[in-house]
Amino acid sequence: MSNPFLHIVEPLDPKQPLKKFFNLSKLEDVRYARLPFSIRILLEAAIRNCDEFLVKKGDVENILNWKVVQHKNVEVPFKPARVILQDFTGVPAVVDFAAMRDAVKKLGGDPEKINPICPADLVIDHSIQVDFNRQSDSLQKNQDLEFERNKERFEFLKWGSQAFKNLRIIPPGSGIIHQVNLEYLARVVMDQDGYYYPDSVVGTDSHTTMIDGLGVLGWGVGGIEAEAVMLGQPISMVLPEVVGYKLVGNPQPLVTSTDIVLTITKHLRQVGVVGKFVEFFGPGVAQLSIADRATIANMCPEYGATAAYFPVDDISIGYLIQTGRDKEKVMCTKRYLEAVGMLRDFKNSSQDPDFTQVVELDLHTVVPCCSGPKRPQDKVAVSDMKKDFETCLGAKQGFKGFQIAPDRHNSTVKFNFEGHDFELAHGSVVIAAITSCTNTSNPSVMLGAGLLAKKAVEAGLTVKPYIKTSLSPGSGVVTYYLRESGVMRYLSQLGFDVVGYGCMTCIGNSGPLPECVVEAITQGDLVAVGVLSGNRNFEGRVHPNTRANYLASPPLVIAYAIAGTIRIDFEKEPLGINASGKKIFLKDIWPTRNEIQAVERQFVIPGMFKEVYEKIETVNKAWNALDAPSDKLYTWNPKSTYIKSPPFFDGLTLALQTPKTIEDAYVLLSFGDSVTTDHISPAGNIARNSPAARYLTSRGLTPREFNSYGSRRGNDAVMARGTFANIRLVNKFIDKQGPQTIHFPSGEILDVFDAAERYKQAGHHLIVLAGKEYGAGSSRDWAAKGPFLLGVKAVLAESYERIHRSNLVGMGVIPLQYLPGEDAGTLGLTGRERYTIIIPEKLKPQMNVQIKLDTGKTFNAIMRFDTDVELTYFHNGGILNYMIRKMAS
């Protein structure tokens, strides 16, 4: 641990156990004090590993000269303190580890070298679905069905927790990964190996950034990249730009943290922060609770930044105590941060760092809002929602349009539900879900929803019985304070019973709608609506039958559920009329900020956090009863449709294969802008007429047993067939939405998987053409693994979302980017050409490569391998191949 740049000093308090730490503030260099706090953590993390990386590269000087060198592709090797996973991404990671052990053994190495080196926590939160709701026993029924469907996956994960050291499993029913991280797992300062150092984390879920709200630097990475980190490989990243986001002013009384974050999301999308850090500063930050900050940081992927960081201040320290952390350890944390100059005072402008760019928001200008109908960055003020939706109805098909003919805008369909007649129209709400890590972590909006429910019930308002209502808290603590404060029974009366502890509706685990509702929507070709307190509303994600989906605060979710439609002006129209004939307006039942804060102070207390988290790893009896094998090598079951040894390492040798030119490749699909990982690798429902359904049927399963794509991520045969299987996929080769493409040699229109198989059998290479923001959304490794298995060798896009580009690199798929000012249109590309991509012998980061078409046209594109380390991965055929060779040799 010797380092010429650093002073290693003892703790200031002699009563504490002897612990050392790197006192970076003693670098005796004025440049350090001007660094953004997020860059200081990168510097500290890199320096801790300097024996291997930094001293010989001189990168300490590069980081201190951050503003000078940030545009020069300076690599920083970042080793995070921890890794966090959820089960949809965790199962394929453990599957890969099991397969890697087999591969290392075949190459003559020690298979047990494949083992997490840094602490890794896997929280099971993505498997539970809203199959039952509006019943007092919905929670138990959903949890029972979750175990029935996922028993094999859970047994496999339990094997992993025993076979691998440093891998802890948080059982199902415990909460949502990011809230559990915020309330329980996060350390803020690590106390390990005789040293104090800042906590940092990468996770296999894009909303890992939520922990940035507590002052822990973290972000989402591809599952493939996370596996390499777990095995001790640093993340080689280009030193990022840091945008300073200055908050001033006080929020208005009726504004929630959800409104603030939706406003920031739209603003930062307009600013352009993809690949950058955002760091918050200014006196307005001191007005925000940690839960508010976590909500803003959580939505970081929606505005495209790598991290959205709030440095630690006294409010952060207070939160650690409020959530039941050990007070003595918390005081040690505070003293350490003071000693290294990293405890922030947001009201002291002399502490403001230098940033590459500063943007500002006056919190007082934020108004209540929603986002939708198809993207989180499309913010709409609540006062404009009715008008905006009606405009969207007639607008051209796109992010803000449904192209409904004018004479059908007021179409209605009558239906009967449980013996009563109802009517659906465009804009009718059929799903209303208080869900997701984004909002259920925040007591102010959750208690606000509870108080609104109380006032609504007391005013005589109800929710129509066919609307699928649900409440899925982020942790048991939420249920605890909703119950103790007395609002839970009012939520239940409106249909918002607790249905499970997990992501549920936010990730498409909405469960079925009543058949009569689906028939009415289909019969009238209606644009039905889902309203959720989630973070994503991409097409086809929430439910196949809700074409419009709006993100809203939990109180607004209840308000729209009561109204039954999105086509309401809350200022002029009543929510409903009670039994006495009185019109009840939203303003009559909306709780004030003071009301909410009074209840929060009384009922959100440290004792409940301690009580919930003391038993988190043992409270689930069904998990405890699972019997998992104890062998270090996994015994694969050839009959399993959930867990299968992947073909990624078939034929792998110790010798490297020289990358070859991609010759005469066909275009499998041609896309426009904002193709998401949901489009590439959907997580939800497996359609009965899909290639994946046909495969599962051939294995003896009925549609009831299909489960979801997310739950099948341990089986490559299902996931390859599910690649590009989103029913809302828009492929330029086809004149309608759907998961199909043209097989050019035959001219036939086929399901994407079937077309890819035909190409593969004929020995043809494939590429994909795309527009801007390719791979936006969730950090799904299968959005890269799937195309790899289909035979896609490269993607040519105008721009990439950060995590997806990393995932493509991790699988050895080449991310190509058009030169500035060029795209498929300017180059005259139709996608019907055949493409030869010249791969030179000597490669360097972000070099231009030549692409030749069979039409005779030639143009250049940027090969988006951004660092030398990424080129090393490419030469190995991907990160995992590199790690296997490293461990085997």
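I began with an open sheet of 5 strands, whose order is 6-5-4-9-10 and whose pairing is parallel. Strand 6 (167-170) and strand 10 (217-220) stand at its edges with a single partner strand each, so one side of each has no neighbour in the sheet. On average, neighbouring strands here are turned by 20° against each other, direction ignored.

A note to myself on the source: this is a predicted model, where local features need pLDDT of at least 70 and side-chain atom pairs count only at pLDDT 80 or more, while totals for chains, interfaces and linings use all residues. Residues are numbered from 1 along each chain as its sequence is written, and side-chain values use heavy atoms, with hydrogens and water left out.

I also noted the terms. Helices (H or I, at least four residues) and strands (E, at least two) are DSSP runs, numbered from the N terminus. Two strands pair if DSSP finds at least two bridges between them.

**Inside the open sheet**

I looked at strand 4 (residues 82-86) and strand 9 (residues 200-203), which pair in the parallel sense over 3 bridges. Arg82 has Val201 in strand 9 as its bridge partner. Helix 9 (residues 223-230) packs on the sheet and touches strand 4, strand 5 and strand 9 (contact means heavy atoms within 4.5 Å). The direction of helix 9 makes about 140° with that of strand 4. Here axes are lines fitted to C-alpha atoms, for helices over the stretch in contact, and angles run from 0 to 180 degrees between N-to-C directions. Helix 6 lies across strand 4, strand 5 (120-123) and strand 6, and runs at about 110° to strand 4.

**Helix 6 meets helix 34**

I then followed helix 6 (residues 87-106) to helix 34 (residues 879-888): their axes come within 10 Å and cross at roughly 45°. The two helices are therefore oblique to each other. By the cut-offs, angles under 35 degrees are roughly parallel, over 145 roughly antiparallel, 65 to 115 roughly perpendicular, and the rest oblique. The crossing of helix 6 past helix 34 is right-handed, a term for the near helix being turned clockwise from the far one by less than a right angle. Which residues meet here? Asp96, Met100, Ala103 and Val104 come from helix 6, and Leu880, Met883, Ile884, Met887 and Ala888 from helix 34.

**Strand 8 and its partners**

In strand 8 (residues 195-198), I saw Tyr195 and Tyr197 pointing one way and Tyr196 and Pro198 the other, and all are buried. Buried means under 20% relative accessible area, exposed over 50%, and partly exposed in between (1.4 Å probe, protein chains only). Strand 2 (residues 20-22) pairs with strand 8 in the parallel sense over 2 bridges, and Lys20 has Tyr195 as its bridge partner. Strand 7 (residues 189-192) pairs with strand 8 in the antiparallel sense over 4 bridges, with Asp191 opposite Tyr196. Strand 7 and strand 8 form a hairpin with 2 residues between them, and Asp193 in the turn has a positive phi of about 55°.

**A second hairpin**

I found strand 27 (residues 740-743) and strand 28 (residues 748-751) paired in the antiparallel sense over 4 bridges. His743 stands opposite Glu748. This hairpin has 4 residues between its strands, and Gly747 in the turn has a positive phi of about 80°.

I traced a closed barrel of 7 strands, in the order 26-29-30-31-34-33-32, with mixed pairing. Its neighbouring strands are turned by 40° against each other on average, direction ignored. Strand 30 (residues 792-797) and strand 31 (residues 814-818) run parallel and are joined by 4 bridges, and Val795 stands opposite Pro815.

**Helix 15**

Which residues of helix 15 (residues 385-394) are buried? I listed Met385, Asp388, Phe389, Cys392 and Leu393. Seen down the axis of helix 15, they fall within an arc of 145°, so they line one face of the helix; the arc is that of the directions from the helix axis to the C-beta atoms. On the other side, Lys387 and Thr391 are exposed. The buried residues pack against several elements, among them strand 22 (529-532) and helix 21 (554-563).

**Two buried residues**

Leu452 is in helix 17 (residues 443-458) and is buried at 0% relative accessibility. Leu452 and Ile558 are 106 residues apart in sequence and 8.0 Å apart in space, C-alpha to C-alpha. His679, in helix 26 (residues 677-680), is buried with a relative accessible area of 9%.
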